[in-house]
Amino acid sequence: MELGLKGKVAMVTGGSRGLGRQIALTLAREGCHVAICARSDERLRQTVEELAPFEGRSLGVKADVTVEGDLKRFHEEATSTLGPVDILVNNAGGTVGGRDFGSTTDEDWLETLNFNLLGPVKLIRLVLPGMRERRWGRVVSIASIYGREYGGPLSYMTAKAALIAFSKHMAVTYAKDNVLFNAVAPGSIHFPEGSWDRFVKNSPSHVVDEFVARHLPMGKFGWPGPIGEAVAFLCSDRADLMTGVCLNVDGGQSRSLI
Ligand SMILES: NC(=O)c1ccc[n+]([C@@H]2O[C@H](COP(=O)([O-])OP(=O)(O)OC[C@H]3O[C@@H](n4cnc5c(N)ncnc54)[C@H](OP(=O)(O)O)[C@@H]3O)[C@@H](O)[C@H]2O)c1
């Protein structure tokens, strides 16, 4: 299926590793010019090298999504090098601090919400005016099945649920401008040096086997490829009636009907 993404300019946060790297590579394969950000130089450089053979231009910017000045710099460098931004993928996210009510401090709450929700809010402020003016924009936020149903650390589940709600509200508000907002909810996705890779390496094999048998209907962890494909599809004109959705990509892991 021709997605019609050739020449579009995309920004992907947390694009040096894991799902973000896969999303960046998939958008580049579809002909986008791609800017990625992350905090560590070395991995950023490696992924920019992987992006280089594609037809579109690419750029890596060392930036932390929890730091407002870094977001502005990421946006400025992306637009000055690649052009006005058509696609924003809010991928960077995770848990900061405690896992349950007792262990989660106010600081943990603020940092987790800042990481998963306010980073996307601030970046959208930067890209939205141009998208509205040009009457074409795609914003995809990477949530989690744990933002749709019970699971994971308390602050993470809360922040991802908030990200999905935020995306829905934005979708309704800006549908008339053809700026489409969607979310993708991955299940447990395994890749080298990712959190599930650490879980597999650091847990006794019977614990891993039990987790897989209990939670993963396919009998195996997910892999990054399908997340990249889902994001590319949502960014394309093929999905031009889709806004405000949250798409599970989880091999049947989630149990919710909604
Ligand atoms: N993996 C899963 O099973 C899974 C499941 C559901 C949802 N998700 C969601 O999918 C997204 C990506 O997950 P992942 O597993 O690929 O994450 P990851 O392994 O932690 O990689 C995240 C990427 O983000 C960058 N990053 C981390 N903190 C950052 C920050 N403050 N500012 C800028 N970049 C930052 C990392 O590079 P640096 O460390 O160099 O900054 C890396 O490029 C997250 O939102 C996560 O919640 C993942």
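Helix α6 gives the most to the lining of the largest pocket, with four residues. Before we go on, keep in mind that this is a predicted model, where local features need pLDDT of at least 70, side-chain atom pairs count only at pLDDT 80 or more, and totals for chains, interfaces and linings use all residues. Residues are numbered from 1 along each chain as its sequence is written, and side-chain values use heavy atoms, with hydrogens and water left out.

So what is a pocket here? On a 1 Å grid over the protein atoms alone, a pocket is an open set of points with protein on both sides within 12 Å along at least five of seven lines, whereas a cavity is a set of points where a 1.4 Å probe fits but cannot get out; lining residues have an atom within 4 Å of a point. Points are joined across faces, edges and corners, and a volume is the space filled by probe spheres set on them.

The largest pocket holds about 1,400 Å³ of space. It has 46 lining residues, and Gly93, Gly94, Thr95, Tyr156 and Ser195 are the closest to its centre. Elements giving two or more residues to this lining are α1, β2 (33–38), α5, α6 (195–202) and α7 (205–215). Helices (H or I, at least four residues) and strands (E, at least two) are DSSP runs, numbered from the N terminus.

What takes up the space of the largest pocket? That would be the ligand, where sitting in a pocket means that more than half of a molecule's atoms lie within 2 Å of its grid points. Of the 26 residues around the ligand, Ser16, Arg39, Ser40, Asn91 and Ile189 come nearest; a residue counts as near if one of its heavy atoms lies within 4 Å. Helices α1 (18–29) and α5 (154–174) each supply at least two residues of this shell.

A polar side-chain atom of Arg39 lies 2.7 Å from a ligand oxygen.

Notes:
Polar contact = N/O pair within 3.5 Å; in protein donor to acceptor, adjacent residues only side chain to side chain.
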